[in-house]
Each structure stands twice: as structure tokens, then as C-alpha cells.
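Open the model in your viewer and keep a residue selection tool at hand.

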Amino acid sequence: MNGIAWPLAMLASQLLDRDERDAVLGDLLETNESAWRGFLDVSGLVLRRQAGLWKDPRPWLAALVVALPCSYLLMDVSVSVSCTYQRLVNHKVYGWHWPTGHEGFPLLLCHIFLLLAWSWTSGYIIGSLSRRTLWASTALSLVPAVFCLHMYPSQTLPRLCLFLFLLPGLFGVRHGLQNLRISLRAASFLALAIAVLMLSAWRQQALWVLNWALLLPALYLVGAAVGRSRRERRSGSSPAGHTEVGV
Amino acid sequence: MLGEFEYLLITVAAGLGENAYGAAIREEIEATTERKCSMGALYTTIDRLEKKGLLKTWMGEATPQRGGRAKRMVRVTSPGVRAAKEFYDAVMRVSRGASWAESQTGRTS
């Protein structure tokens, strides 16, 4: 197998489970399929598998309800944190003041913690709900990025400031994909900490009303932990194959 | 009741015995039916039949001719054999009297 079709088949097969990918690519090599037929075969299987995955509501939830709006809101918060940091540390004032333009260090720290926590919890939900449809959630979370990069005035902050949420978000996605279990206590503590800091920022008029939506992933974690602990209590068995995080 | 392709797959897998795996099943189906069998149809049907408990699959050994990749081995379970027999019996019953089945059933239409 050579030419461009075989690398394309290999690329398409990345959307399959590892065992299935091994079996399918091995079959193609063993039967000396033509590269293009191999590519079509793999693509056909990937399409069938993806069609099956999208019958579940979770990939839709991850892509449309979490990835798309959260990436937009987190980009906004990233810029806000960058503006505040530049004003307080480098004494540079940018034209865009958000939310008040008068935050001090305590509010900056509060916003940094919130940015990290919101990004991680949103990433975690995206990773745990998307699984093999992560490509779609990723693509949808890029839509606001493309929009913002297009609209963003070049004379202001470096464009990297839009993506401060990316690293903690990626950690969250990774933990979600690994099915990292969050204990009820840890999830409740995290949600409570986020809510208290959000209330504090809100009282100082340093929180955008739409940012309350970013509390939902943390509340989802609490709900999922409650449901899991109930199921485990009912079945009376201890979970296997997970790493639990507690406080 | 099985579908036509499910019956074909179970029958071919049963015939191949210990050597039943994706590529071998596919080649046998294509040789017997003289029709192309896509990977998508093959593997999604194998999954469906395994969920119904009619097949059991596991990852076999990797060979150099497969680029060091493992085979997905297939074995027909007892419920799978029963389901295939039911399908075959049903086809034989419904075919009695059909003009194309004369030589098989010994009856004329």
C-alpha cells in the first residue's frame, strides 16, 4: 500500500478504537487491498461508528451545550484576566476594560482561580461526554476562536491572551477521557468554591451575567458524583478501573 | 430472526472454525456470494451479533504479514448456531414450492 490513500486510511482509522483499528488495518494489509479501496473501507466503517455514537445525546450535549458556549465565555475571561494583569503589573491600560477596569489584586486572583476552575471543569465534561466524538467538540470550540481572532484588534493584547483557558481546559479534557473519578466531597468542594468566588465577584460587579453558565459544569460534576454514589450504594460494589480524586 | 447478512456471516465463521477472523470471513463471503463485502458492514454486524450473544470475539495474535497488527478472532456461540439453524429452516420452509428451489426440495410448482 502506498500513495496518499494509505496515510489517509491510517488517519481515518484514528477515530476507531485501538483494537478495531489494529484489526481493520491488519486485514487491509493481509488482503493486499488497493489503497483507495482500503481508504473507502476504513472511512465507511468510521462513518458507521460515528453515526452510532451520535445516537447518544451526550456528544450533542458536549459539543453544542458545553464546548461551543464555554469556549466563547472562557476566551472572554482570558482577555479580562490579561487586561487586569497588564494594568496592575505592567501599568498598561488597554482600551477594553472588563468587567469594571478597577479590579485590584484580590479580584485578579479570584478571576485567575475561576478561569482555571471553569476551564478544567468544562474540559472535564467535554472529555467525559465526547469520547470518540471529541473531534466535533474541538471543532465547535474553535468556532469562537476563529471569530474572535478575526474581530480582535491587532494593536491591543497579544492574541495568545485569548487562550489562557486552553491549558487547564486540555488537562480537564484529558482527565475526562481517562474517566478520572471525582468524589462527591471533591466535586462539592470545587462547586462551592467556584460559587462563593463567583458571588464575591458578582457583588463587586466584576462578573458578567453570562458567566454564571460556567458554574454548570461544576454542578454537573456534583450531580454525576451523587448519581454514581447512589448506584454504588445500591449495588454494594466498589468501582474498578478508575482513579478517584478526593479532598 | 437473523438478517441475510447476519446468517451469511455466522455460517462462514462457523465454517472457518478456528481460523475465523475479519479478513478470512470477508474473503469467504466475497468468494461465495460474488459480491463485495465492506469492512463497515462486516465489523458492525460482528458487533451486533456479539451484543446479541450469537458470536464471541477476542483479539488474536499479530503476524508480520499484517504489519504486526492483531486479528479480531470470531467464534460462533451455541445461541448463534441455533439462530442460524432457525434461519436456515425458515428459508427452506418458505422456499418449498418455489420454482427456483425445485432441485433442492424435489417438488414442482
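## Stop 1: A:Leu115

This is a predicted model. Select A:Leu115 and show what surrounds it: beyond its neighbours within four places in sequence, A:Leu115 is in contact with A:Val77, A:Ser78, A:Val81, A:Leu164 and A:Phe165.

## Stop 2: the largest core

Which residues have the most contacts inside the largest nonpolar core? Select A:Ala62, A:Leu115, A:Ile125, A:Ile126, A:Leu190, A:Ile194 and A:Leu221; the core they belong to has 38 residues. Next colour four helices of chain A, H4 (57-89), H5 (105-130), H8 (184-203) and H9 (216-235), each of which supplies at least two residues of this core. H4(A) provides the largest share, eleven residues.

## Stop 3: H5 and H8 of chain A

Keep H5(A) and H8(A) and hide the rest. Their axes come within 10 Å and cross at roughly 140°. Angles over 145 degrees would count as roughly antiparallel, so at this value H5(A) is oblique to H8(A). The crossing of the two helices is left-handed.

For the contact itself, select these two groups:

- from H5(A): A:Leu107, A:Cys110, A:His111, A:Phe113, A:Leu114 and A:Ala117
- from H8(A), which they meet: A:Leu190, A:Ile194, A:Leu197, A:Met198, A:Ser200 and A:Ala201

Coloured by class, the contact of H5(A) with H8(A) shows ten nonpolar, two polar and no charged residues. A:Leu190 and A:Ile194 were also selected at the previous stop, as residues with the most contacts inside the largest core.

## Stop 4: where chain A meets chain B

Bring back both chains. How many residues of chain A are in contact with chain B? There are 16, and they touch 17 residues of chain B. On the chain A side, the elements giving two or more residues are H2 (18-30) and H3. H2(A) gives the most, with ten residues. By class, the chain A side divides into six nonpolar, three polar and seven charged residues.

## Stop 5: H3 against H3

On H3(A), pick A:Asp41, A:Val42, A:Gly44, A:Leu45 and A:Arg48; they meet B:Met39, B:Gly40, B:Tyr43 and B:Thr44 of H3(B). This contact has four nonpolar, three polar and two charged residues.

Definitions and conventions
Residues numbered from 1 in each chain as written. Chains lettered and ligands numbered in written order. Predicted model: local features only at pLDDT ≥ 70, side-chain atom pairs only at ≥ 80, totals over all residues. Core = buried A, V, L, I, M, F, W, Y, C linked by C-beta atoms within 7 Å. Buried ≥ 20, exposed ≤ 12 C-beta atoms within 10 Å, placed from the backbone. Contact = placed C-beta atoms within 7 Å. Nonpolar A, V, L, I, M, F, W, Y, C, P; charged D, E, K, R; others polar. Axes fitted to C-alpha atoms, helices over the stretch in contact; angles between N-to-C directions. Parallel < 35°, antiparallel > 145°, perpendicular 65-115°, else oblique. Left-handed = near helix turned anticlockwise from the far one by under 90°.
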